[in-house]
Amino acid sequence: MKTLLELEDVEARYGPIHALHGVSLAVQEGAIVAVLGPNGAGKTTTLRAVSGTVRRSGRIVFDGKALGRAGPAGAARLGIAHVPEGRGTFSELTVWENLRLGAYTRRGSIKSDVERVLTYFPWLSDRRRQQAGTLSGGEQQMLALARAFVQRPKLLLLDEPSLGLAPVLVAEIFRIVRELNEKEGLSVLVVEQNAHLALQAAQFGYVLEAGEIALSGTSAELRADESIQRSYLGY
Amino acid sequence: MPRFLSPLANVQPTVYLVVAGAVFLLVGSLDSARFASLTVGGVGVGAAYGSLALALVLIYRATHVINFAQGELAMLTTYIAYQLVQWGLSYWEAFFATLAIAFVLGTAIQVTIIRPVQHRSVIGTVIVTVGLFILIDGIASWRWGGIAYAQLPSPFGFGAWEVGGVPIQHLYAGMFGIVLASVLLVWALFRFTKIGLGMRAAALRPAAASLAGVRVDAMLALGWGFAAVLGAVAALMYEPSQFSGLTPTLMQTALVYAFAAAVLGGLESPAGALVGGLAIGVFLNMLAGYAPQVVSLEVPFAFAALLATLLIKPSGLFGQSQVQRV
């Protein structure tokens with residue numbers, strides 16, 4: 001299997017604050033990989049380093065190309081879709097305009113893309129003209145996911161999809177992500193507080209602590225690990 | 001009162017206010033020819049204020065910066081049009097060439113002067129626009145200030161139609177028409193094109209827009225370009241209505257009125273800027289017509305309108321509270 005994304009000794013900082021101290025990880029093509037860890041461990045920063053929304057150093061190779069200094073718009077054009085924490089839905093725009101933005105980097109009609117995406121989010125089709133801000137929190141999270149998927153990404157970066165949502169909606173979101181992964185071969189790097197859900201969906205996981213990788217392994221290995229059970233799974 | 005008890009609860013009070021204002025002007029105009037002709041003049045000049053106010057709103061929405069140089073930039077483009085006419089172009093050739101030059105100029109200023117400072121602080125950027133005001137004023141005075149009496153020909157002439165005994169000057173009708181057409185074009189561009197969607201997204205949420213692949217910096221530069229075009233339309237239309245002719249101070253009071261118009265309409269609202277401009281234009285023209293003894297107080301009256309708006313409804317007539325769920 002081919003490696004789609006590889007981070008090698010990546011560091012990132014916000015002004016004087018060092019958020020990542022040399023993180024190395026890999027995402028294989030067609031895999032779902034979870035990043036776990038306590039608050040402030042650098043999970044979100046890891047995703048930001050990949051999409052170029054934070055200053056970083058070290059080596060990031062995506063799809064055979066070094067990302068170098070590519071910013072977020074450049075990363076999007078290469079096929080990385082980042083759904084940030086807090087959704088990043090344009091609440092003032094309509095649902096349709098939000099989806100349209102997903103295809104911003106492409107020319108031509110997006111009808112077929114949107115139709116395909118709507119098979120995963122059927123309820124969105126009656127709401128095309130609705131202002132996105134009038135959707136519920138869970139619906140906005142799904143819209144953000146739908147928009148990211150219209151981008152036709154090779155890699156989806158998903159940050160805390162469960163944040164502030166009812167458990168039934170969280171389960172629905174993870175179900176859709178798994179379906180996209182199985183049917184469309186979408187690779188996913190997901191940051192998630194809810195380790196149960198994350199390890200259920202993912203094949204592989206990393207545990208970040210204080211800006212460094214503390215542990216890594218297959219989901220089964222991580223589930224069996226005692227320290228993981230104590231800290232994240234609540235046994 | 002619960003919403004379902006009042007079928008009109010969804011209609012904003014602002015709509016009533018605007019309709020009431022329009023009815024007032026209409027009834028007044030039917031009653032008095034003098035009132036009507038003052039309304040016509042006010043609407044013509046007010047359209048120019050509205051266009052300049054819209055230019056301010058475009059930049060404010062995207063970056064929360066008030067561009068103090070907007071009026072001077074508009075004045076500069078008017079001199080460029082003047083120069084082109086001097087060189088032998090017809091009025092309309094010069095008009096469209098000037099709009100193209102204004103677009104390039106606005107974009108270039110954003111890229112070279114504003115972009116390096118915009119990420120530091122809003123107030124720093126505002127101060128840079130004040131510096132830009134002085135710079136452009138200096139350039140225009142140095143290059144064209146010595147001309148004793150410069151004037152751009154009026155493209156509409158100085159004739160008038162008679163409608164029920166009320167003269168409707170071609171000048172004012174033309175101003176209103178051209179401004180309305182350019183505003184509608186800019187609105188359609190923002191509303192219906194992909195680049196317009198990119199500009200709106202970049203203005204609303206720069207970080208999320210860039211994650212979708214929108215090049216936010218390029219969108220801000222284009223925004224300055226379109227604002228400069230609207231300013232140029234305002235100044236080109238405004239200049240023939242002024243007895244002073246073309247001077248480097250042409251747009252300075254107009255900028256004050258445009259500020260008042262933009263604040264009155266709500267700084268975030270393009271429609272508000274236009275309505276605000278028309279309201280200020282008509283109000284000041286009435287003031288000049290019915291109370292000529294206080295005509296030198298026009299600027300203070302505009303400030304009073306600005307202050308009253310900020311005190312009574314700081315979000316302006318068209319300012320909306322965003323619907324957002326978290």
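This text goes through chain B of a predicted model, from its elements to the side that touches chain A.

Start with the secondary structure. Chain B has 12 helices and 2 strands. Read from the N terminus, the order of the elements is α-α-α-α-α-β-β-α-α-α-α-α-α-α.

Next comes the overall form. Along the principal axes, the C-alpha atoms of chain B fill a box of roughly 65 × 60 × 35 Å. Why can chain B be called a compact globule? For 326 residues, a compact globule would have a radius of gyration near 20 Å, and chain B agrees because its own value is 20 Å.

The interior can be described in two ways. Of the 326 residues in chain B, 46% are buried. Contacts tell how the chain folds back on itself: taking those between residues at least 6 apart in sequence, 73% join residues at least 24 apart.

The last part is the side that faces the other chain. Here 19 residues of chain B are in contact with 25 residues of chain A. Two helices of chain B, helix 7 (194-204) and helix 8 (206-211), each supply at least two residues of this side. Which element gives the largest share? Helix 7 of chain B does, with 5 residues. By residue type, the side of chain B that touches chain A divides into 10 nonpolar, 5 polar and 4 charged residues.

Note on methods: Residues numbered from 1 in each chain as written. Chains lettered and ligands numbered in written order. Predicted model: local features only at pLDDT ≥ 70, side-chain atom pairs only at ≥ 80, totals over all residues. Contact = placed C-beta atoms within 7 Å. Helix = DSSP H or I, 4+ residues; strand = E, 2+ residues; numbered from the N terminus. Nonpolar A, V, L, I, M, F, W, Y, C, P; charged D, E, K, R; others polar. Rg over C-alpha atoms; globule rule 2.2 N^0.38 Å. Buried ≥ 20, exposed ≤ 12 C-beta atoms within 10 Å, placed from the backbone.
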